[in-house]
Amino acid sequence: MTAQAKYEYTRPWLYPKQLEAIFHTKRYGMVEASTKAGKTISCIVWIFEQAIQGKDGDNYWWVAPIYAQAKIAYRRLKRFTPVHLYKANESELTITLPNGAVIWFKGADNPDSLYGEDVKAAVGDEASRWKDEAFHALRSTLTATRGMLRLIGNVKGKKNFFYQMCRRAESGTQDMEYHVITAYDAVAGGVLQLEEVEDAKRQLPEQVFNELYLCKPSDDGGNPFGIAAIRACIAPLSNKPVAAWGIDLAKSYDWTVAIGLDDEGRVAKFERWQSPWQETKRRIKAMVGNTPALIDSTGVGDPVLEDIQEGSQGNFEGFKFSSASKQQLMEGLAVAIQSQKVEYPEGHIVTELEQFEYEYTRTGVKYSAPQGMHDDCVCALALAVSKMSVPKTQMRIRSL
Ligand SMILES: Nc1ncnc2c1ncn2[C@@H]1O[C@H](COP(=O)(O)OP(=O)(O)O)[C@@H](O)[C@H]1O
Ligand SMILES: [Mg+2]
């Protein structure tokens, strides 16, 4: 491509709030927005516009919480740009424009990759899900070049750098602009259906909806149970017999956890171990006996459950985890915790409950432990609670 080549660019249609929030001239722009409000798409357009105004060798960064998400944005930008207008490097995840400017796609999960030179402008997507170190790295990079920055994300509690930056921007710091786009703004903008928002409102716990759709923080940092509610259920182990078991089987690197609740919903038995499958099966059979048990039968759990069921009295039921079934299971646990229908001792269970979080993905709300942490205790507890709350008649039908 020659330097003389001329291109005409028309910005894709964006609704007024998207334009206002992103396309201003302030150096720093912070946007707290609803999920599916069109944050990512408007910033893809913005970074592209920044880059087409750049020159040979200028760098532009797109930073997502993890590398895999950066890849999605990379593909979206490629779809939006005519093929003859860029050179893509799949392994480096870069797009080079005819003027020689390069757009890089990076993951905030690797803060060391966020130090660089000549970064003219950057977008931080889903910034409330970043580690603080990643922010420090990116900001130092932009400080040297006086680069522009747009940070966008959902509200996710108050204990993150993005939340604090937004508060600074909101209070009117020089060079910074703050905007909020709620789900209702996105409905008014024509990119989100009102029914979808109302459906989410009916289905999600209130604080989840408030954060994801209304941009209002909960004090619990994206914890679906509520920290105060979790703590209110702490009690010593019960010494009554177990009425229902919930068992989460260890997959590649985690733990097998078995939790037994008494007939009042108090944890009476709590076991957590790692061992070969034969030993695990033997241990579960001996421990559970003829008591009703709900066992994780996802993937490798399926044949394990079959072996355990052999010769049993039909008291072992399988549960297959999918994002939909896990969401339902966890919402059941949230209800039990919030209405104090379950009690557990201090220790692993409480730690995991407190760390547990929800995240919005393209397929819905995902409930899990933060990266690198475990949620086996939470899963076992949720399974036990679910087993407890199934009425006897329904239980018989389910085990037929
Ligand atoms: N201005 C727009 N024009 C057309 N579609 C849009 C617009 N803004 C958002 N969308 C659509 O809405 C959906 C969500 O947009 P996205 O940018 O992924 O939202 P967010 O990052 O806020 O979750 C996508 O399917 C996107 O194509
Ligand atoms: Mg997005």
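1. Basis. The model is predicted: local features need pLDDT of at least 70, side-chain atom pairs count only at pLDDT 80 or more, and totals for chains, interfaces and linings use all residues. Residues are numbered from 1 along each chain as its sequence is written, and side-chain values use heavy atoms, without hydrogens or water.

2. Helix pair. Helices here are DSSP runs (H or I, at least four residues), numbered from the N terminus. The axes (lines fitted to C-alpha atoms over the stretch in contact) of H10 (residues 277-288) and H11 (residues 301-309) come within 10 Å and cross at roughly 45 degrees. The two are therefore oblique to each other, a class left after under 35 degrees (roughly parallel), over 145 (roughly antiparallel) and 65 to 115 (roughly perpendicular) are set aside. Contact (heavy atoms within 4.5 Å) is made by Trp-277, Lys-281, Ile-284 and Lys-285 of H10 and by Val-304, Asp-307 and Ile-308 of H11.

3. Cores. A nonpolar core joins buried (under 20% relative accessible area, 1.4 Å probe, protein chains only) Ala, Val, Leu, Ile, Met, Phe, Trp, Tyr and Cys residues through side-chain atoms within 4.5 Å. The largest has 80 residues, and Phe-105 and Leu-381 are among those with the most contacts inside it. Helix H14 (residues 376-389) gives the most to this core, 9 residues. A separate core of 24 residues includes Phe-161 and Tyr-178.

4. Val-197. This residue of helix H7 (residues 194-203) counts as buried because its relative accessibility is 0%. Beyond four places in sequence, Val-197 touches Ala-183, Tyr-184, Val-187, Leu-192, Phe-209 and Tyr-213.

Technical notes: Chains lettered and ligands numbered in written order. Axes fitted to C-alpha atoms, helices over the stretch in contact; angles between N-to-C directions. Buried < 20%, exposed > 50% of the residue type's maximum accessible area, 1.4 Å probe, protein only.
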